Amino acid sequence: MFRHNKTKSTFSAAKTYMKAQAALGLFADTAAKKMEADAKRNAPWTDRTSNARNSIQGSFGWKNRKLVITLSGNMDYSVWLELANDKRYAILYPTIQKNAPEVLRAYKKVI
């Protein structure tokens, strides 16, 4: 005679999704802060006020279901540092390019 096992499942797809989102958020925040520190440390210009260097910010956010890591310079002249003078003073995009392969490798391990 077959007996029915009355095991109750405690799996919750919603809770699992929320935990995965939280783990990915922690991962992205760590990557963003690492790139921020890298950009501040390696900015190629000579500081006069330290405002440009101090304004560099790494952050992350969700856009729909996509996780986005952002590195920005937040002075009104940051765009000139990145794009003028044959990009000699650029630090944001080069930092992203340098760190992207490592971030993607680590992301694959998390997933």
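Biologist: Which residues does W45 touch, not counting residues up to four places away in sequence?

Modeller: A52, R53, I56, L81, Y89 and I91. Contact means heavy atoms within 4.5 Å, so each of these has such a pair with W45. This is a predicted model: local features need pLDDT of at least 70, side-chain atom pairs count only at pLDDT 80 or more, and totals for chains, interfaces and linings use all residues. Numbering starts from 1 along each chain as its sequence is written, and side-chain values use heavy atoms, without hydrogens and water.

Biologist: What makes W45 part of the largest nonpolar core?

Modeller: W45 is one of its 10 residues, with M35, A39, A43, A52, I56, L71, L81, I91 and L92. Members must be buried (under 20% relative accessible area, 1.4 Å probe, protein chains only) and joined through side-chain atoms within 4.5 Å.

Biologist: How do you know that the lining of the largest pocket has 11 nonpolar residues?

Modeller: By class: Ala, Val, Leu, Ile, Met, Phe, Trp, Tyr, Cys and Pro count as nonpolar. The rest are one polar and two charged residues. This pocket holds about 280 Å³. Of its 14 lining residues, F27, L67, I69, V103 and L104 are the closest to its centre. Six residues, the largest share, come from α4.

Definitions and conventions. 1 Å grid on protein atoms, 1.4 Å probe; cavity = no way out; pocket = protein on both sides within 12 Å on 5 of 7 lines; lining within 4 Å. Points joined across faces, edges and corners; volume = space filled by probe spheres on them. Helix = DSSP H or I, 4+ residues; strand = E, 2+ residues; numbered from the N terminus. Buried < 20%, exposed > 50% of the residue type's maximum accessible area, 1.4 Å probe, protein only.
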